[in-house]
Structure formats: structure tokens, C-alpha cells
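User: I've got this model open and would like to go through a few parts of it with you. Could you set out your terms as we go?

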Amino acid sequence: MAKRKREAAEKEKGNKRNTRGKARGKSSKMEAYQELLVWAKDKGIILNGVEPRRIPGRGMGIVATKPLKENQTILTVPSNTLRTYETVNPSIARGLLGISIHGLLAADLALDPSPSAKYRQWNAVCPTREDVWDSLPLTWDHRLRDFLPKKALELLLKQEAKFEKDWSMVQQSKLLSPRSGEKEHERSEEEEGEKLNKSITRDDYLYAWLLVNTRTFYHETPKTKKFNKEDRMVLQPVADLFNHTSYDSSAEEKEGNKKTCSVAFSPTAFTITTTRPYTVGEEVYICYGNHSNDFLLIEYGFLFDENVWDEVCIDDAILPLLDKSQQQQQQISTTQPRQPKKTTRRLNERGKKDAKSQADQQPPKSPKDLLEETGFLGNYNLDPRNPTGCYPAQVALRALSALPSSLTPQEGEKKFRVFVDYGQDPWEESPEEQAKLNMLLAQALKQWRGDVIEKKIIEGLDKMEWREGHERVVGRECHRDTLLMRWMQVMRMVDRALEELEG
């Protein structure tokens, strides 16, 4: 009993120390932002009526400090303060010829200590490594990838391939310290240039690479036009403190309620301008693009509760129907007796084999074959704007509906191609036909929701050991919470679709 009391007392003391430590951390962080503002002013960066402030429950953001009018420029960042490929340490630039601009900027952050002095105030307000490791799936336990939505996993694998390519070039360069047993390459003092932080690890470079990934802006100038679009990027002190918001620009024009600011580059500066009035204390947003929550999670490490541009891939709901249909057709074709080959040919008036007789001899195509042939196999999505499925999903449903319901496979294919090739929709003309399509999609979504989302994903996450530090734990608790949140969003989209389909 006494031992338990001592342990409880020690735990309470530890909690108090942690609380005091967090309070000091918040205080020092705010001091860092104030230092950033002083530094920004010295560099000619102009903030007009806005400043960074802590947003309850959401970290930092840019808030109006006075009433703002529409079309008022609230931030001006001179071009000479931007961190671009041209500001990279020359020793690093020479050592990494051919690397992506993303990889080059990351190497500049990780390898070169001089920006730590030049951009010390900016570096101080960047997310910590712990923040990055908590939020971005590229750093998570690989076993959690089984619980990512399909589109999110595809994005993650592409992102990982880009990083590994950049890191491989850094490793193969002469910029890192030689490994044990290797001799350092001889270089003159002029060749070596400034001293670099050559002892970086993979995690050091990954942290810098992800900072660049989450904090850069698209930057198109006459010089950057020679690069691929992905390499037209720039780091901007202060501008990267603006948070993202989701919005539908067409709806905003109708409602007269614009949520974001406009951004613009000129040869001399980057500017952010209001598109509506703001009151004191109101957060001011920009838009990073019309992105789904899967994209925002992989690229930026956050999710929106309500995202007008959100969507979910439903391939795992529709493709099994296509596979089943194809298997049924194959079984039918193998059980039907083969017809003896005809020795006679039907000839047309020119004496050539008639095209119709050739088509009659062709085996009937399955819905999956037709969709693959027409370029509509896969990439099916649900989103708030199209709760009953995107156009490719509707094409797939019509392929599934046309072939089995027609008198002959040729008639079904003809009906399908009238829709795909000419935009005429025989199904729309018949309420009964449209009801069949809705029922087909509803059944597929229900099965996917129950068998995959609820049983495999949600129950799989629930069954994981939640106690941090346990040897069976997979990832961090915050990682699993984020995945659970994402799948709850997916289920809400599916439920909305079912209401629409069955209503």
C-alpha cells in the first residue's frame, strides 16, 4: 500500500512537471513568434492588420488585429526573402546536381547550418520533429498502412518513392561524412566551401523533407517555368503560417460569402489580399487547393470535419461486382455446348466476309472487359457533390446492368456504348431502370461498409493494444485516432449516399 502511495505521489509530481513544462513551452513558442515578427519587419516583410495567434484546439493561425476591408493587402513578402533553389548553399547545390527542387531545399535545411543563423527566427516556429512524426503518415509504423483508405495509400506510396529517390541522391553524394572504414575524399578548402552538417541521418533528412513538403508555395516565374510543375516551389517565412480552409468557389459567388484570401506573385514580392471584410479576432485563411481529406492527411497531416472537396474511392465496393459478373459469364461459357463450326460463309455484295458474321462469332464481353476497353475500369469515387457516385462509377453500373438484362450480349453492349460513345442515357428515360442502378450501388456500398469498413478496419483498429509502450502496440495512439477519424468520415459519406439512393 505504501509503495502504491509513493508511486501515485511520484506520478502526480510528474504530471505537474509536465503541465509546467507545457506552459513554458507555449510561452516560449509565443516568444518565438514575436521574434519572428521583429525579424520579418527588419527583412521588409509587411503584415497589415494581421498577426500569428494561438487558435484554441488548432495550434497557430493568422488573425485579424483590426477591421479589414475587401481587397486589402495584408501580407507582402519581398522576393529577396524567399527561400528558393537559388538561395541554397552553393556547396550543396554543386553536390546534388539533378536532384528535385524539393530534395534540394530539404538538403539545404538539413545539411547547411548557416540558414540556422540567417533564418533562426523562422526555424524556431516550424513544427517540431515530434509534431511531424505525430501527424504525417510517411513517418508512421508501416503496419498501419493496411488501415489507410485506398487513395491515401496510393498517395503515400508515391510520396515515399519521391523521398527515397532524393535521399538516395544525398547518400550517394560527397556531402555526408564517410562511413566507418572509408577515407574522406580530399577536397581543397575552396571546393569544400562552408562547413556542412555532414553527419545527418535518414530521419534528419526526412524531417527537413517533410517541412519543405508541408510549407512550400507554388512559385511560377520565368526562371522556374523550365522546371516540372512539382519543382516550382518556394519557402516563404510568415506566409506559411496561414491555415487552409475548404471552400466551393462557385457556391461562394452565389452566397457572397468568400472564406479565403487571394495570393499573387510579382517579380518583386508575394502578396496575400482579402476577398471580403474581416472583424477583429477573426482567423484569416488561404486555400491550398481543392483537395480531399486523403490528400490533406498524406501531404499536410490533418483532416477537415467538413470538406466540400472530400471524396472516397469505392473501387473495393464496385470491383467485386465486376469480378463476380466475369466469373459467372466464364462459368456459363464453359458449361454451354460448343457449336460445330460452319463451313459456309456469308458474303457481302463485294464478295468479302460480312462484318456482322464476324461479330456474331466473337465471344460476348463481360462488363469488366467492356470497362477496361473503354477506359472506365476503376477510379470510382463518392463525394459530397455526387453522393450517388462519380461518372465512371455510373458507367460501371450501366455496364453491370446492360449485359445481364438484355436479350443478347450484343444488344447489351450496344445499349452500353450508346451511353458511353454518344452520351445518350437509356436508363434515365426509365424510372424502373434508374431504380435498378440505385439498388445495385446501394447493395454494393452496404456490403463494403459492413464487411470491409466495420469488420476489417474499425474492428481491426479497436482490437489493437492501446497502451503506449506495450510491445504489441502498432504506431502511436494519435496515429490510430486519426485513422479512425478518417474512416468515420468515409462511413458518413457512404451513409449519405445510401439515403440518396434509397430515399
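Analyst: Helices (H or I, at least four residues) and strands (E, at least two) are DSSP runs, numbered from the N terminus. This is a predicted model, in which local features need pLDDT of at least 70 and side-chain atom pairs count only at pLDDT 80 or more, while totals for chains, interfaces and linings use all residues. Residues are numbered from 1 along each chain as its sequence is written, and side-chain values use heavy atoms, with hydrogens and water left out.

User: Fine. Where is Asn197 found, and why does Asn197 count as partly exposed?

Analyst: Asn197 lies in the loop that runs between helix 8 (189–192) and helix 9 (202–215). Asn197 counts as partly exposed because its relative accessibility is 35%, where buried means under 20% relative accessible area, exposed over 50% and partly exposed in between (1.4 Å probe, protein chains only).

User: On to helix 9, then. At what angle does helix 3 pack with helix 9?

Analyst: Helix 3 (residues 101–111) and helix 9 pack at about 125 degrees, and their axes are 8 Å apart; axes are lines fitted to C-alpha atoms, for helices over the stretch in contact, and angles run from 0 to 180 degrees between N-to-C directions. The two helices are therefore oblique to each other, since angles under 35 degrees count as roughly parallel, over 145 as roughly antiparallel, 65 to 115 as roughly perpendicular and the rest as oblique.

User: Which residues of helix 3 and helix 9 make the contact?

Analyst: With contact meaning heavy atoms within 4.5 Å, the residues include His102, Leu105 and Leu109 of helix 3, and Tyr205, Trp209 and Val212 of helix 9.

User: Is helix 3 largely enclosed or exposed?

Analyst: Helix 3 is largely enclosed by the rest of the structure, because 10 of its 11 residues are buried; among them are Ile101, Leu104, Asp108 and Leu111.

User: Switching to the strands: what order does the open sheet of four strands have?

Analyst: The order is 1-4-9-8, with antiparallel pairing, and two strands pair if DSSP finds at least two bridges between them. The edge strands, each pairing on one side only, are strand 1 (46–47) and strand 8 (262–265).

User: What stands opposite Leu47?

Analyst: Leu75 of strand 4 does; strand 1 and strand 4 (residues 73–78) pair in the antiparallel sense over two bridges.
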